[in-house]
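Student: I am new to this structure and would like a close look at one part of it. Could you take me through the salt bridges slowly?

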Amino acid sequence: MQSGQIMVGSHEGVYVIKLIGDVRLNLCTSFDDFIDNMFTHDDFTDVVFDLHGAEGVDSTTLGLMAKIAIRALERGCQKPLALTADQGIRHLLDAMGFDALIEVSDEHRDYDAETKPLNCKTPDECAAREKVLEAHRVLMSMNEQNAETFRDLVHTLELECDPIRKPSARMH
């Protein structure tokens, strides 16, 4: 698999996020920074996820996509659109319950938004763990099946992120 890349662009308030290759958590802190910045723009009206070039999308990236969709819906926008013809990715989106948050289509579209690579810096371990934790909490909030699927992972990450609760940090 091709290592992942995230391409971003916008035109007249419509943000296009293209996921290319195998998109994994090593891109998550930069992607999350982009998300926060995207929602500071007053002209934000919609977001499109172009997944036609994606070969794989990990659960952290899915959690960040859900975060975008939830924030867009809270702003009164319509459901974001995800474009993919890949049956594996479509199945993954369906299995995770994304139908409540996004519309999925297999069409190809040309956008006026010129996309450019998101400048992704390698996150430090703690920052990456925090983003993974946040993304999985979002996934858990989507439905009971996701809550069950990610409960143990989130619990483990919470223990790792809170040194006071770590058994090795306690006095004997």
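Student: Which side chain meets that of K79 in a salt bridge?

Tutor: This is a predicted model, in which local features need pLDDT of at least 70 and side-chain atom pairs count only at pLDDT 80 or more, while totals for chains, interfaces and linings use all residues. Residues are numbered from 1 along each chain as its sequence is written, and side-chain values use heavy atoms, with hydrogens and water left out.

The side chain of K79 meets that of E103 in a salt bridge (a side-chain nitrogen of Lys or Arg within 4 Å of a carboxyl oxygen of Asp or Glu), with 3.7 Å from N to O. This pair links distant parts of the chain, as K79 sits in the loop between α2 and β5 (81–83) and E103 in strand β6 (residues 103–105), 24 residues apart; helices (H or I, at least four residues) and strands (E, at least two) are DSSP runs, numbered from the N terminus. K79, at 28% relative accessibility, is partly exposed, a term for values between buried (under 20% relative accessible area) and exposed (over 50%), using a 1.4 Å probe and protein chains only. E103 is partly exposed too, at 41%.

By this rule the count comes to eleven salt bridges. Among them, D36 pairs with R71, their closest N and O atoms being 3.0 Å apart; D36 lies in helix α1 (residues 28–38) and R71 in helix α2, so the pair ties together parts 35 residues apart in sequence. Both residues also belong to a network of salt bridges that links D32, D36, K67, R71, K131 and E134.
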